[in-house]
Amino acid sequence: MWDGSGLSERYILIIFSVLFLVLVTGFFFLGGLDFGVGSDDLVEKGSGSEGFVDISGSIVDNPSLRRYGLASVAVDGETRIFVTGYGGPNALMRWKDGKLVSDTPENLRDPDTNAIGAASCDIDGDGQEEIYVLTTGNQYGGKKDTRDRLYDRQDGEWVDLLDGSDVTNRYSGRSVGCHYSPEGYAFFVARYGGPMQMITKEGDELKDLAPEYGMDKVTGGRSVVNIPQEDGPDLFVGNERGPNFYYNRTENGYEEVAEKLGVADTSLPARGTTVYDRGEDGDLDLAISNWNSENKIYRRSEDGYEDVTSEDFSIRGPARSLVAADFNNDGQTSIYLNNIASRGKAPNKFFDSRGTQIPIGEASEPQGLGTGATVTDINQDGTLEMVLAHGETGSQPLTMYKVPNKNSFLRIQPVWKSSAPARNSLVKINGKAKDVDGGSGYLNQMEPWTHFGNISLPVEATVIFPDGEKTSTQIEERKVKIKHPEQEKN
C-alpha cells in the first residue's frame, strides 16, 4: 500500500531547495555587493591600527545613491564639497557643528541630468570659483540628450552661464578640470567620442579655446591633470581607445608631446591620474591607474618621463580614481587607489610614494563601487579627510576617512589676482613640491590648498603662480594665504 512517504520526501527536498535559493538570492541583492548598502557594510572593521579610520558617521543625511564626481570648491572663502548625482540630485556639502551636512540650493540639485564630473575655477575673474558640472544624460559616449552646467555665483544666487550659450557641450564625457591657459583660467572638458573643449569667459561671452590651440581632439577622454611648470602649467589627458595627450606649454600655445615624453600608452585604458613629487626633489611626477591593466608611475627626467612602476603598484584591477597626499602628516606622500567592485570583491589599495603597498586600515572597501574621490581638511584640524563616492552599477552612500596623528602640518593657499584660489600654482618647501589641484584626475578635484606634513616653523616657501610670477616668503603660521605679487601691489 502506498503511504505517501516518498512524496513527502520529495516535497521536503523541494521546500529546502526553494528556501536555499531565496536565501542566496536575497544575500546577493541585499548583501552589499551591488545595491543599497550602508557605509558600515563597506568598511572592514578592526583591520589594524595603521592606515585610515572610518569617520563616515560624520556625514549627515547620507543615503545610498549612485554618485560619480567629487570636487572641493571654494564658496565665499570656505571649502565645500560638491557631489554629482547620477539618477538623483547633486549636493553641495559643508562642515557645520562637527558634521558634514548638505547645504544645497535648489537650482544646484538638478536631479535629472545624470551628472558625472565637476570642477571649480574662477574663469570670469570675479574672485569666486565657478562650478562646472559635466553631464551624460543616458549616453556612454558621443552626443547626449542633456547639456552641461556652469554655475556662477551672482548676488548670492547660482546662475547657469551655459544656458543659451553657443559653447554648450552636447557630448558625453568623464572629467573636467581647471586649467590656466594663455588666455586665463578655463575649464578643460574631456569628452568621450566628441571634440574636447577648453572654455573660458571673454567679456560677457563664453569662448571655446580648444580649436584655436589644436586641442579639440576626439577620443575616449577619461582624466585631466595639470603639471605646473616655471612658465605655466602643462596639461595631461588620460585616454582610452587611443593614446594619452600631453600638451606642453609653448610661447604661442601648446605642443602635444605624449609620445616624445614616453607617456602616450596607446594600448592602456587610462582612468585615474595624479601628480605628485615622488622623489621629493622638487619635480612633479605622474601616477596613472588603468582599467584592468598595468598601472604606471612615471618619474620626470631631463628628456621626458621614465617608467619606475613598482611591482605592487602595477597589479591590474578595476581601477577608478587615484589620490596622492600626505594623509598622516609624516612628510611623505602616499597614494590611494580607488577600485570598483562591480564583478566581485575588489579592495582599494594604499601605497607609499614609490608604489610599495602599505596598510590601508579601514578604507579597503572590498565591496565598494568606487567612483570619485576628494581630499580636503574639511574640519580644519590640520589632518586631511578623504571622501569617496560610489555608483555606476549600484547605489551606495558616501564614505569618509582620515589617518589620526599628532604630527605638525603646514597649509598654504596661493591667491590669484582676483582673490580666488590660484589653482595650478606650484609651492616648494624644503626641496619638496606640491601643486594646487585643478582636477580632474578622474571624477576628482582636490581642495584649493597645498598641504605639507611634519614641518617645523619658521620655514621659507616659494610659490610659482601659473602665469610664471614667483614669490618667496618666510612662513611662521600653520595656515597661510600667499597673494599674487600684483595683488600685493594694490
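## Contacts across the sequence

Residues 24 or more positions apart account for 56% of the protein's contacts with a separation of 6 or more. A contact means heavy atoms within 4.5 Å.

This is a predicted model: local features need pLDDT of at least 70, side-chain atom pairs count only at pLDDT 80 or more, and totals for chains, interfaces and linings use all residues. Residues are numbered from 1 along each chain as its sequence is written, and side-chain values use heavy atoms, leaving out hydrogens and water.

## Overall build

The protein has six helices and 35 strands. These are DSSP runs, numbered from the N terminus: helices are H or I with at least four residues, strands E with at least two.

Of its 490 residues, 60% count as buried. Buried means under 20% relative accessible area, with a 1.4 Å probe and protein chains only.

## Aromatic pairs

The structure holds 17 aromatic pairs. Rings of Phe, Tyr and Trp (its six-membered ring) pair if their centres lie within 6.5 Å; planes under 30 degrees apart count as stacked, over 60 as edge-to-face and the rest as tilted.

Phe 52 and Tyr 401 pair edge-to-face, 6.4 Å centre to centre, with 70 degrees between the planes. Phe 52 lies in the loop between α2 (39–42) and β1 (53–54) and Tyr 401 in strand β27 (residues 399–402), so the pair ties together parts 349 residues apart in sequence. Both residues are buried.

## A charge over two rings

The charged end of Arg 174 sits over the ring of Tyr 140, 4.6 Å from its centre. Arg 174 also lies over the face of Tyr 192, at 4.6 Å from the ring centre. A charge sits over a ring if NZ of Lys or CZ of Arg is within 6 Å of the ring centre and within 35 degrees of the ring normal.

Note on methods:
Buried means under 20% relative accessible area, exposed over 50%, partly exposed in between (1.4 Å probe, protein chains only).
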